[in-house]
Amino acid sequence: SDARVWIRLPSVLLPALVALLMRSIVSKRWDAKKADLAAMLFLLSPLSVFLPAITTDTPLIYCVALCVWAFLSGWSERNRLRSYGFFAAAGVFLALGFLSKYFAAFVVPALLASVIVARGKERTKGLVGLGWLLGLGALGPLEHLWWNAGNCWANIVFNVYVRNDQEHFQIWHVVLFLMQQLYLLFFVLVP
């Protein structure tokens, strides 16, 4: 069918899926009440209200949400084989998210920060998961480069040169970026 409802349906269902994934992640670490509360707070937040309006980023948000869910599920899974399966799925979702939009790569520093603050065997398992994530996640950028090498130089010229022709290096941009990373890291460090 060419009805508009089918085109808009994925973005309309997006907040519900993110809330369910969030509930699944929280319930593995804490109790069901806290998991329900986290999902409900997300659904009541302005972000979940505006997600359906951002139709251009719907595939990106699906892939990043599924990537984080799969990575954290693999990290908390006790069965080694299932854990590797979750980590592999996280890498595939990262690759697909990257093909949707480059912003998918920004999930990697967040997961890396989580692994860095972990201790002992948890850190080791998280590093193994990052290996799977980056190994399979690299398929997205590799496919993208392969395709652009033969087909889309106009895309590269536009995105790299035309969009950035007025930009130049400023130390303030670096300082601002580092301040934002510290702000985000605060929420990882505080239990």
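Trainee: Where is the place of Glu77?

Mentor: This is a predicted model. In it, Glu77 sits in the loop between helix H4 (58–76) and helix H5 (80–100).

Trainee: What makes Glu77 buried or exposed?

Mentor: Set the value against the cut-off. Buried means under 20% relative accessible area. Glu77 has 18%, so Glu77 is buried.

Trainee: Which residues is Glu77 in contact with, leaving aside its neighbours within four places in sequence?

Mentor: Arg82, Ser83, Phe86 and Lys125. Contact here means heavy atoms within 4.5 Å.

Trainee: How far apart in space are Glu77 and Ala53?

Mentor: They are 35 Å apart, C-alpha to C-alpha. In sequence, 24 residues separate Glu77 and Ala53.

Trainee: Now the rings. How many aromatic pairs does the count come to?

Mentor: The count is 5 aromatic pairs. One of them joins Trp69 and Phe86.

Trainee: Why is the pair of Trp69 and Phe86 called edge-to-face?

Mentor: Two values decide. Ring centres must lie within 6.5 Å to pair, and planes over 60 degrees apart count as edge-to-face. The centres of Trp69 and Phe86 are 5.6 Å apart and their planes stand at 85 degrees, so the pair is edge-to-face.

Trainee: Which parts does the pair of Trp69 and Phe86 tie together?

Mentor: Trp69 lies in helix H4 and Phe86 in helix H5, so the pair ties together parts 17 residues apart in sequence.

Trainee: What does Trp69 count as, and at what relative accessibility?

Mentor: Partly exposed covers the range between buried, under 20%, and exposed, over 50%. Trp69 is at 22%, so Trp69 counts as partly exposed. Phe86 is at 16%, so Phe86 counts as buried.

Trainee: Which residues form one aromatic cluster?

Mentor: Phe71, Trp75 and Phe87.

Trainee: What makes a set of residues a nonpolar core?

Mentor: The residues must be buried, of the nonpolar kinds counted for a core, and joined through side-chain atoms within 4.5 Å. The largest such core has 16 residues. Phe71, Leu94 and Leu133 have the most contacts inside it. H4, H5, helix H6 (107–117) and H7 each give two or more residues to this core. The largest share, 5 residues, comes from H4.

Trainee: Which residues is Phe71 in contact with, leaving aside its neighbours within four places in sequence?

Mentor: Among them are Phe86, Phe87, Leu111, Leu130 and Leu133. A second, separate core has 11 residues, including Ala19, Ala39, Ile61 and Tyr62.

Trainee: How do you know that H7 and H8 are roughly parallel?

Mentor: Look at the angle. The axes of helix H7 (residues 120–137) and helix H8 (residues 139–150) cross at roughly 15 degrees. Angles under 35 degrees count as roughly parallel. H7 and H8 are therefore roughly parallel to each other. Their axes come within 5 Å. Gly135, Leu136 and Gly137 of H7 make the contact with Leu139, Gly140 and Pro141 of H8. Those residues divide into 3 nonpolar, 3 polar and no charged.

Trainee: What does the secondary structure of the protein come to?

Mentor: There are 10 helices and 0 strands. The C-alpha atoms fill a box of roughly 50 × 45 × 35 Å along the principal axes.

Trainee: What share of the 191 residues do buried residues make up?

Mentor: They make up 28%. Among contacts with a separation of 6 or more, 67% are between residues 24 or more positions apart.

Definitions and conventions:
Residues numbered from 1 in each chain as written. Predicted model: local features only at pLDDT ≥ 70, side-chain atom pairs only at ≥ 80, totals over all residues. Heavy atoms only, no water. Axes fitted to C-alpha atoms, helices over the stretch in contact; angles between N-to-C directions. Helix = DSSP H or I, 4+ residues; strand = E, 2+ residues; numbered from the N terminus. Parallel < 35°, antiparallel > 145°, perpendicular 65-115°, else oblique. Nonpolar A, V, L, I, M, F, W, Y, C, P; charged D, E, K, R; others polar. Buried < 20%, exposed > 50% of the residue type's maximum accessible area, 1.4 Å probe, protein only. Phe/Tyr/Trp six-rings, centres within 6.5 Å; stacked < 30°, edge-to-face > 60°.
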